[in-house]
Amino acid sequence: MKLNIALLAGDGIGPEVIDQAVKVSDAIAQKFGHEITWKPALTGAAAIDAVGEPYPDATHEVCKNADAVLFGAIGHPKYDNDPSAPVRPEQGLLKMRKALGLFANVRPTFTFPSLLDKSPLKRERIEGTDLVFLRELTGGIYFGEKGRRDNGDTAFDNCVYTRAEVQRLAKKGFELAMTRSKKLCCVDKANVLETSRLWRETVQAMEKDYPEVEVSYEFVDAVAMRLVQWPNSYDVLITENLFGDILTDEASVISGSMGLMPSASMGAEVSLFEPIHGSYPQATGLNIANPMATVLSAAMMFENFGLMEEGKAMRDAVNKALEAGIVTEDLADGGKAYGTKEVGDWLAANI
């Protein structure tokens, strides 16, 4: 297969972890007889510094013409620490999601047998956890009207959803549930929010189309508690943008490190694959960042193309590295810590 992949390294540790994912992906391509053409493009603070925009038109052209996008991370302290900055790296991320129609964020959370004792939760609470969040990505409060009034003393952010936006996300959730344990949980705050009541009635109306799927409805605060108490009781969860943003970060630490969790943002034409961690600017250039989440995001990318064996080979290599202790300092736990590049080299050589 010939693949044309847009490569958005971004800021901070983004370029370092992306380099390792490219290295491992190229090893997969060589092993299985594929051809990958990588198309680098600017985004985030790097793009602002270069051209004044966090998601330039040139980058959008590269992305929309690609088969998929592999993304690193964005964010820089000089923007984080300046509330008055007129242009921010994160604006580029929101613009990209909207422009590419990336409406469904797929965030798996699973455990690794060799790392169960590194989780902040007890082994018996997390063993067997294998859940997936589908977070709606282009609607809700992040994209609603926002502003100030009363001379800046009052601020507002409007949360708006349409039935069509809920339906297309829920459809992805039902379809995913059918491939797994046929359990689906709709997360909302329908006892308070009108948008949540729209979510709940829309999903309820869709249940008849998927009679094999067992659907439950839970308030977001209850889910936040149960993710800590019994995360392995969940399978597929669907929710709106803000709730999903918070809950998926909470779920990500169950595995023992945010440096291990991949994600995908799905659109009608093109999809984007990225690690869930941020740009971690304090570690930039130090060769200490964990590249495994980015490598596993690339594995999701291969599987999205139907190349299941290739994705499995990448995941198997990561599991072998974890079992062998070929890990960066976030997982070394006092033992030998390997550098970002060394972990990437090991994974590529293993493949």
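1. Glycine 344 touches Gln20, Lys23 and Val24, its neighbours within four places in sequence being left aside; contact here means heavy atoms within 4.5 Å. Glycine 344 is found in helix H14. Helices (H or I, at least four residues) and strands (E, at least two) are DSSP runs, numbered from the N terminus. With a relative accessible area of 0%, glycine 344 is buried. Buried means under 20% relative accessible area, exposed over 50%, and partly exposed in between (1.4 Å probe, protein chains only). The C-alpha atom of glycine 344 is 12 Å from that of isoleucine 288, a residue 56 places away along the chain.

2. A word on the model and the numbering. This is a predicted model, in which local features need pLDDT of at least 70 and side-chain atom pairs count only at pLDDT 80 or more, while totals for chains, interfaces and linings use all residues. Residues are numbered from 1 along each chain as its sequence is written, and side-chain values use heavy atoms, with hydrogens and water left out.

3. Lysine 23, one of the residues that glycine 344 touches, also forms a salt bridge with aspartate 345, at 2.6 Å from N to O. A salt bridge is a side-chain nitrogen of Lys or Arg within 4 Å of a carboxyl oxygen of Asp or Glu. Because aspartate 345 lies in helix H14 (residues 340–350) and lysine 23 in helix H1 (residues 14–32), the pair ties together parts that are 322 residues apart in sequence. Aspartate 345 is partly exposed at 41% relative accessibility, and lysine 23 is partly exposed at 27%.

4. The structure holds 19 salt bridges. Another one of them joins the side chains of aspartate 49 and lysine 78, at 3.0 Å from N to O. Aspartate 49 lies in helix H2 (residues 44–51) and lysine 78 in helix H4 (residues 77–80), so this pair links parts that are 29 residues apart in sequence. Both ends are partly exposed: aspartate 49 has a relative accessibility of 49%, and lysine 78 has 44%.

5. Glutamate 212 and lysine 182 also form a salt bridge, with their closest N and O atoms 2.6 Å apart. Glutamate 212 sits in the loop between H8 and strand S9 (214–219), and lysine 182 in the loop between helix H7 (163–179) and S8, so the pair ties together parts that are 30 residues apart in sequence. Lysine 182 is partly exposed, with a relative accessible area of 29%. Elsewhere, salt bridges that share partners join Asp117, Arg123 and Glu127 into one network.

6. The domain assignment gives domain 1 (1–105 + 258–351) and domain 2 (120–254); such bounds come from an automatic or database domain assignment. The contact between them takes 11 residues from domain 1 and 14 residues from domain 2. The C-alpha centres of domain 1 and domain 2 are 25 Å apart.

7. Domain 1 and domain 2 bury about 1,200 Å² between them, 64% of it on carbon and sulfur atoms. Buried area is the accessible area (1.4 Å probe) that two parts lose on being put together, summed over both. Across this interface the rule finds 0 salt bridges, but 3 residue pairs in polar contact (both at pLDDT 80 or more). A polar contact is a pair of N or O atoms within 3.5 Å; within protein, one must be able to donate a hydrogen and the other to accept it, and residues adjacent in sequence count only if both atoms are side-chain atoms.

8. On the side of domain 1 that touches domain 2, helix H5 (89–100) and strand S4 (102–110) each supply at least two residues. The largest share, 4 residues, comes from S4.

9. Lysine 189 lies in the loop between strand S8 (183–188) and helix H8 (194–206). Is its position buried or exposed? Lysine 189 is buried, with a relative accessible area of 18%. Residues up to four places away in sequence not being counted, lysine 189 touches Ser196, Phe219, Val220, Asp221 and Phe243.

10. Two aspartates have a positive phi. Aspartate 150, in the loop between strand S6 (146–149) and strand S7 (154–157), has phi near 55°, a positive value in a residue other than glycine. Aspartate 150 is partly exposed at 48%. Aspartate 333 has a positive phi of about 50° although it is not a glycine. Aspartate 333 lies in the loop between helix H13 (329–332) and H14, and counts as exposed at 67% relative accessibility.
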